[in-house]
Amino acid sequence: MAKNPVKEALVIIDMQNDFCSSDGMMAKRGIDVSSVQSIVPNVQRAVEHAKRNECLIIYIQTHHHSLSNAPVWESRSEGVRQLCSTLWGKDFYGIRPEKNDLVIEKNRYDAFLGTNLDLILRSQGVNRVLFAGCTTNVCVESTVRHGFMLNYETITLEDATAAYSQNEHENALFNLKQYFGKVRTINNYFKERELLSGNN
């Protein structure tokens, strides 16, 4: 039986002011955001590669508001109600969706939960999903795990993802590589893709 052709999407998670900017909510809470700021050039490179390879590009945007904030969700930490609750706070940091890119709003860590991400991917015939963004150990990992459970081939781009500490980043990558798909650098992945494209 013929193998299904590979169709890919690049999913970029939570590259937003409140998570990444020095003036955002995370920074105001005393968290060092330099690590998530540092991946902006690599996220941009991933987008360029994705465009050249005709990948679907999807931006995930967290938005917290009173109608979706449950007591358990708000109990995570003080000030969580304000996180990504303003137009500036939820706006994109260092990147900007273009005309043909998709933007999907999420209300929890997992970008599949309560959104139409799975519907869009399946409708477009996507079976391999590349992940970039932040943070590796929370929203990226939650989404990759769910994607793997839904039978997508997952590729986490380790140099286009970041957490607020290197330890959290590396631990998440270890988990994802061991149990929930593949972990690759941008260059290695797209080189592999070019070599294998004749077989896909």
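Take Cys-20. Is Cys-20 buried or exposed? Buried, with a relative accessible area of 0%. Cys-55 is buried too, at 10%. Buried means under 20% relative accessible area, exposed means over 50%, and partly exposed is in between, with a 1.4 Å probe and protein chains only.

A word on the model. It is predicted, so local features need pLDDT of at least 70 and side-chain atom pairs count only at pLDDT 80 or more, while totals for chains, interfaces and linings use all residues. Residues are numbered from 1 along each chain as its sequence is written, and side-chain values use heavy atoms, with hydrogens and water left out.

Now the sheet. It is open, with six strands in the order 3-2-1-4-5-6 and parallel pairing. Two strands pair if DSSP finds at least two bridges between them. Strands here are DSSP runs of E, at least two residues; helices are runs of H or I, at least four; both are numbered from the N terminus. Which strands are at the edges? Strand 3 (102-106) and strand 6 (182-184), each pairing on one side only. From one strand to the next, the twist averages 25 degrees.

Look at strand 6. Three bridges join it to strand 5 (residues 153-162), and the two run parallel. Ile-155 has Lys-182 in strand 6 as its bridge partner. Helix 9 packs on the sheet here, touching strand 5 and strand 6. Its direction makes about 165 degrees with that of strand 5. Angles run from 0 to 180 degrees between N-to-C directions, and axes are lines fitted to C-alpha atoms, for helices over the stretch in contact.

Helix 9 (residues 166-179) also meets helix 8 (residues 136-149): their axes come within 10 Å and cross at roughly 10 degrees. That makes the two helices roughly parallel, the term for angles under 35 degrees. Residues in this contact include Val-144 and Phe-148 of helix 8, and Leu-173 and Leu-176 of helix 9. Contact means heavy atoms within 4.5 Å.

Last, Asn-53. It lies in the loop between helix 4 (40-52) and strand 2 (56-62). At 21% relative accessibility, Asn-53 is partly exposed. What does Asn-53 touch, not counting residues up to four places away in sequence? Phe-190 and Arg-193. Asn-53 and Phe-190 are 137 residues apart in sequence, yet 9.0 Å apart in space, C-alpha to C-alpha.

Key: Parallel < 35°, antiparallel > 145°, perpendicular 65-115°, else oblique.
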